[in-house]
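Dear colleague,

Here is the structure that I promised to pass on to you. Please have it open while you read my notes, which follow directly below.

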Amino acid sequence: MLSKLVIGLNRFANHFRKLRAKPENILLLVPHCLQITSCGRNVIHDVDQCAHCGQCNITEILKVRDKYGIQCNIASGGRQAIEMVRDPSVRTVVAVACEKELSDGIMAAFPKPVVAVPNQRPEGPCKNTRVDMAAAERAIESLVLKG
């Protein structure tokens, strides 16, 4: 319940912040659980190791990354995610995760703005999760500074 409240308050605050950034200063941060467990590739250390098989959202995530020219990282945990967010080149973040991780990440990243996109967990937490790519792309589009 608290997680949803934090995410809602963050969404409300972001609405008034009029967030915009150059594409190279936007980080799309996704959890390792988006990678299908049967995959033998190590995309956690290098997202470009994806085989583009289409069994998980990683292929779509890479297409969006390349389309907008944004940064993209996969985090295996909260500490690693915060380290990525604290990179000086990152001005704003589109984060995909479960509500609890999003809530914790929003608070840990403050004052850096985070746009939260909750993931879908058809097989339960932390296993073969999915992301609504249309929602993730809308979040990125809303941040990209044009011109």
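L2 counts as exposed because its relative accessibility is 60%, where exposed means over 50% relative accessible area, buried under 20% and partly exposed in between, with a 1.4 Å probe and protein chains only. This is a predicted model, in which local features need pLDDT of at least 70 and side-chain atom pairs count only at pLDDT 80 or more, while totals for chains, interfaces and linings use all residues. Residues are numbered from 1 along each chain as its sequence is written, and side-chain values use heavy atoms, with hydrogens and water left out.

L2 is found in helix α1, which covers residues 2–17; helices (H or I, at least four residues) and strands (E, at least two) are DSSP runs, numbered from the N terminus.

Two residues other than glycine deserve a look for their backbone angles. K18, in the loop between α1 and β1 (26–31), has a positive phi of about 50°, and N128, in the loop between β4 and α5 (133–143), has a positive phi near 50°. Are these residues buried or exposed? K18 counts as exposed because its relative accessibility is 63%, whereas N128 is buried, with a relative accessible area of 11%.

Finally, please look at the peptide bond from F110 to P111, which is cis, with omega near 15°. P111 itself lies in the loop between α4 (99–109) and β4 (114–118).

Best wishes
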